[in-house]
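Trainee: I have a sequence and a structure to go through. Can we take them step by step?

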Amino acid sequence: AMIPSPVIGAVVAVAVLGLLGISELREILAQSRYEFGIGIGCLLGVLIFGPLGGLFLAFVLALINLARRAAQPEIDVLVASADPNAMPAPLVRGAPAAQVVVIRFAAPLFFANGTILTDQVTQVLADTPTLRGVVIDAEAITDIDVTGAEALREVEKMLRAAGIAIAIARLRPGLRTRLASFALLSEVPVFETNRAALITLSSVS
């Protein structure tokens, strides 16, 4: 006897629902609404454009998500601690005046976030009238493009115009080569640690 079409449809529907990963999507929704949206977009892409089209859409959405995260990096502004053996502490508004600060930029420096660095330096200059030196902690800067190099060059010009010394600390070897190719290390001292840079710039200031 032939199996009725509704029965076949029900079997296929149950199988497809298992493949959709509904429980996994619920877990993603509880953890990140943005990534849940990417998952739903990929699901719709497969249904509308087929497997290859959905895979391409997933790739594009993942790149957009990566660029979005890199375009909003964490930036810490630190000052030397009173304890010479302690790590630099966060700069807090209303705290004692700081003469040298460390700016830690936690992302590759490229076209999507270059202005964030310049804006942060501008804000530090406005908030710290006693400032005499700035250390760029480059440990988390794994790469830099032409626009990022222009942003760093703008920071250097801004600080020198204000009579403020600039230094770079914890520079990765690969990034050192990139910065040299952009002619960004010719007049900027480089230090192995933030503490060494803070001590040197504090003595100069």
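Mentor: What follows is a set of questions and answers on this predicted model.

Trainee: Which pattern of helices and strands does the protein follow along the sequence?

Mentor: The protein holds 7 helices and 6 strands.

Trainee: What share of the contacts with a separation of 6 or more comes from residues 24 or more positions apart?

Mentor: The protein has 205 residues, and 33% of them are buried. Of its contacts with a separation of 6 or more, the share from residues 24 or more positions apart is 70%.

Trainee: At which residue does helix 3 bend?

Mentor: Start with the span of helix 3, residues 33–70. A straight helix of 38 residues would reach 56 Å, but the end C-alpha atoms of helix 3 are only 18 Å apart. A bend of about 140 degrees goes with a proline, Pro51, that follows within four residues of the bend site. That site is Phe49.

Trainee: Is Asn65 buried or exposed?

Mentor: Asn65 lies in helix 3, and its contacts beyond four places in sequence are with Tyr34, Glu35 and Ile38. Its side chain also makes a polar contact of 3.1 Å with the side chain of Arg68. The relative accessible area of Asn65 is 10%, and buried means under 20%, so Asn65 is buried.

Trainee: How far apart are the end C-alpha atoms of helix 5?

Mentor: Helix 5 covers residues 146–161, which makes 16 residues.

Trainee: Which elements do the buried residues of helix 5 pack against?

Mentor: The buried residues of helix 5 include Ala151, Leu152, Val155 and Leu159. An α-helix has 3.6 residues a turn, so residues three or four places apart point the same way. The buried residues of helix 5 pack against helix 4, strand 4, strand 5 and helix 6.

Trainee: Which residue caps the N-terminal end of helix 5?

Mentor: Just after helix 5, Gly163 takes a positive phi of about 75 degrees. At the N-terminal end, a side-chain oxygen of the capping residue lies 3.2 Å from the backbone nitrogen of Thr147. The capping residue is Asp145.

Trainee: Which residue in strand 3 stands opposite Ile75?

Mentor: Strand 1 has 4 of its 5 residues buried, so it is largely enclosed by the rest of the structure. Strand 1 and strand 3 run antiparallel and are joined by 5 bridges. The residue opposite Ile75 is Phe105.

Trainee: What is the side-chain partner of Arg104 in the polar contact of 3.2 Å?

Mentor: Arg104 is in strand 3 and is partly exposed, with a relative accessible area of 24%. Beyond four places in sequence, its contacts include Glu74, Asp76, Arg170 and Asn194. Asn194 is 90 residues away in sequence, yet the C-alpha atoms of Arg104 and Asn194 are 9.9 Å apart. The partner in the polar contact is Asp137.

Trainee: What is the angle between the planes of Phe110 and Phe111?

Mentor: The structure holds 1 aromatic pair. Phe110 and Phe111 form it, edge-to-face and 5.1 Å centre to centre. Phe110 is buried at 15%, whereas Phe111 is exposed at 58%. The angle between the planes is 85 degrees.

Conventions:
Residues are numbered from 1 along each chain as its sequence is written. This is a predicted model: local features need pLDDT of at least 70, side-chain atom pairs count only at pLDDT 80 or more; totals for chains, interfaces and linings use all residues. Side-chain values use heavy atoms; hydrogens and water are left out. Helices (H or I, at least four residues) and strands (E, at least two) are DSSP runs, numbered from the N terminus. Buried means under 20% relative accessible area, exposed over 50%, partly exposed in between (1.4 Å probe, protein chains only). A polar contact is a pair of N or O atoms within 3.5 Å; within protein, one must be able to donate a hydrogen and the other to accept it, and residues adjacent in sequence count only if both atoms are side-chain atoms. Contact means heavy atoms within 4.5 Å. The expected span of a helix is 1.5 Å times one less than its number of residues. The bend at a residue is the angle between axes fitted to the seven residues ending there and the seven starting there. Rings of Phe, Tyr and Trp (its six-membered ring) pair if their centres lie within 6.5 Å; planes under 30 degrees apart count as stacked, over 60 as edge-to-face and the rest as tilted. Two strands pair if DSSP finds at least two bridges between them.
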